[in-house]
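Please read these notes with the model open beside you. Check each point as you go.

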Amino acid sequence: MPDTDLWQLLCEQNFIRRNMIRSWNNQSNLKNFSPEIYENEDDGGDHESEKPFSATGVVAWEAIMDKVRNSPDSAYLLWRFLTEYFIKSYNAGLEEKSVQCKFCRKTHEYYPSIWLKAVRSNKWIRDSDSRFRADASSLAKLLREKGWDLGSLENPFTLKLLTAINVSPSDLRLELITGNPEARDALVSTMTELHQITDGT
């Protein structure tokens with residue numbers, strides 16, 4: 001059915017969705033967007049921006065995350081989706097912004113991404129019967145087991161994603177090189193000695 005007008009009509013009537021990425025307008029609740037707020041368990045106050053803003057989202061995101069938590073294979077596919085497609089086309093959500101809160105009157109940093117909170121703070125990487133948040137260690141273990149290309153860390157979009165989910169690119173690189181703590185410490189020690197011998201050049 002090559003009739004593009006027909007496909008557009010079906011989309012407008014919500015029978016189909018031609019793009020799983022969409023923009024949610026008029027967002028204001030900072031508890032969904034500001035890590036300094038949603039990662040502070042002692043903060044029970046209300047936080048809303050004075051002016052509404054738009055945010056990037058993924059259709060059926062909660063269902064996707066529920067699926068991802070069930071297996072390392074799904075978690076790895078999510079990571080590939082984010083790094084190989086999503087953030088290359090929709091990376092505006094990884095630009096940290098600031099806004100004044102109309103309740104506490106403080107300035108809060110936030111990311112205009114509805115999906116980022118789940119990737120940053122939810123336990124979506126499974127190891128045996130446990131679930132881990134994405135930190136340098138758990139993410140490296142997942143990616144190392146799946147043979148992820150270490151060169152992907154040179155991609156500026158991937159670096160922006162890692163920063164947004166609070167994972168140090170240098171820590172992740174070390175973890176990816178070796179999962180053995182003793183070997184990793186030896187490598188860091190050797191690199192430090194080389195740095196001192198060459199005066200950092």
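1. Ground rules. This is a predicted model, in which local features need pLDDT of at least 70 and side-chain atom pairs count only at pLDDT 80 or more, while totals for chains, interfaces and linings use all residues. Residues are numbered from 1 along each chain as its sequence is written, and side-chain values use heavy atoms, with hydrogens and water left out.

2. Residue I16. Find I16 in the loop between α1 (4–12) and β1 (21–29). Helices (H or I, at least four residues) and strands (E, at least two) are DSSP runs, numbered from the N terminus. I16 is partly exposed, with a relative accessible area of 29%. The classes are buried (under 20%), exposed (over 50%) and partly exposed in between, with a 1.4 Å probe and protein chains only. Leaving aside residues up to four places away in sequence, I16 touches W7, L10 and C11. Contact means heavy atoms within 4.5 Å.

3. Aromatic pairs. The whole structure holds 9 aromatic pairs. Rings of Phe, Tyr and Trp (its six-membered ring) pair if their centres lie within 6.5 Å; planes under 30 degrees apart are stacked, over 60 edge-to-face, and the rest tilted.

4. F33 and F53. The ring centres of F33 and F53 are 5.1 Å apart and the planes meet at 80°, so this pair is edge-to-face. F33 lies in the loop between β1 and α2 (35–38) and F53 in strand β2 (residues 48–58), so the pair ties together parts 20 residues apart in sequence. Both F33 and F53 are buried.

5. F86 and W115. Here the centres of F86 and W115 are 5.0 Å apart and the planes are at 90°, so the pair is edge-to-face. The pair links distant parts of the chain: F86 is in helix α4 (residues 72–89), W115 in the loop between β4 (107–110) and α5 (116–121), 29 residues apart. F86 and W115 are both buried.

6. The largest pocket. Which residues lie nearest its centre? They are W61, E62, I114, K117 and A118, out of 13 lining residues. A pocket is an open set of points on a 1 Å grid over the protein atoms alone, where a 1.4 Å probe fits, with protein on both sides within 12 Å along at least five of seven lines; lining residues have an atom within 4 Å of a point. The largest share of the lining, 3 residues, comes from α3.
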